[in-house]
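Trainee: I am new to this structure. Please take me through one part of it closely.

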Amino acid sequence: QFQLVESGGGLVQPGASLRLSCATSGFTMDNYAIGWFRQAPGKEREGVSCINRSGGRINYADSVKGRFTVSRDNAKNTVYLQMNSLKPEDTADYFCAANRLGVCVLDWRTMGYWGKGTLVTVSS
């Protein structure tokens, strides 16, 4: 059973920081690219960031560049998303997902395995 479990979401004020974690099990994570996606009510699923198998290729959505940082620790089977300077428009359910081809792209259609999400709410 392949699993991805997100954690670290919560309710914060604008300007605050959160660190999301994506813990994986049931597969060899270092053979997969990992992406972060988010979806807010009434909006389509949006690619936030991705990191390839080696960590040598990383992509970010323009809306989060300079504020979010993705990293992976293959030894711990965990991928992280550090989110700084959070804005109300960052409010969404955040998901991590695995691309079995190892390709880092911000396209949810390329992902084969998904977590259940963790909710991030940014509100004053």
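Which backbone oxygen lies 2.9 Å from a polar atom of the side chain of T78? And what surrounds that spot?

Mentor: This is a predicted model. The oxygen belongs to K76: its backbone oxygen lies 2.9 Å from a polar atom of the T78 side chain. T78 sits in strand β8. T78 counts as buried, because its relative accessibility is 9% and the cut-off for buried is under 20%. Leave aside the neighbours within four places in sequence, and T78 is in contact with S21, C22, A23, M29, R72 and D73. Several of these names will come back.

Start with the sheet. Strand β8 covers residues 78–83 and runs antiparallel to β7, with 6 bridges joining the two. Within that pairing, R72 stands opposite V79 of β8. The sheet is open and has 4 strands, in the order β1-β3-β8-β7, with antiparallel pairing. The edges are β1 (3–7) and β7 (68–73); each has a single partner strand, so one side of each is left without a neighbour in the sheet. From one strand to the next, the twist averages 15°. As background, strands of a sheet pair through backbone hydrogen bonds, either parallel or antiparallel.

N77 lies in the loop between β7 and β8. Its phi is near 55°, a positive value in a residue other than glycine. N77 is partly exposed, with a relative accessible area of 29%. At the other end of the strand, look at the loop between β8 and β9 (92–99), where S85 is found. S85 also has a positive phi, about 50°, although it is not a glycine. S85 counts as partly exposed, at 41% relative accessibility.

Next, M29, one of the contacts of T78. M29 is found in the loop between β3 (18–25) and β4 (33–39). M29 counts as buried, with a relative accessibility of 0%. Outside four places in sequence, M29 is in contact with T24, I34, R72, D73, N74, N77, T78 and V79.

C22 is another contact of T78. A disulfide joins C22 to C96, with 2.1 Å from S to S. The torsion about this S-S bond is about 75°, so the disulfide is right-handed. C22 lies in strand β3 and C96 in strand β9, so the pair ties together parts that are 74 residues apart in sequence. C22 is buried, with a relative accessible area of 0%. C96 is buried too, at 0%.

The structure holds 2 disulfides. C50 and C104 form the other bond, again with S to S at 2.1 Å. Here the torsion is about 90°, so this disulfide is right-handed. C50 lies in strand β5 and C104 in the loop between β9 and β10 (113–114), so the pair ties together parts 54 residues apart in sequence. C50 counts as buried at 1% relative accessibility, and C104 is buried at 5%. Counted along the chain, the bonded cysteines follow the pattern 1-3, 2-4.

One last stop in β5. S49 has its place in that strand, residues 46–51. S49 is buried, with a relative accessible area of 0%. Its side chain reaches the backbone oxygen of N59 at 3.0 Å. Among the residues that S49 touches are I34, W36, V70 and L81.

Methods:
Residues numbered from 1 in each chain as written. Predicted model: local features only at pLDDT ≥ 70, side-chain atom pairs only at ≥ 80, totals over all residues. Heavy atoms only, no water. Pairing = 2+ DSSP bridges. Axes fitted to C-alpha atoms, helices over the stretch in contact; angles between N-to-C directions. Buried < 20%, exposed > 50% of the residue type's maximum accessible area, 1.4 Å probe, protein only. Polar contact = N/O pair within 3.5 Å; in protein donor to acceptor, adjacent residues only side chain to side chain. Contact = heavy atoms within 4.5 Å. Disulfide = S-S within 2.5 Å.
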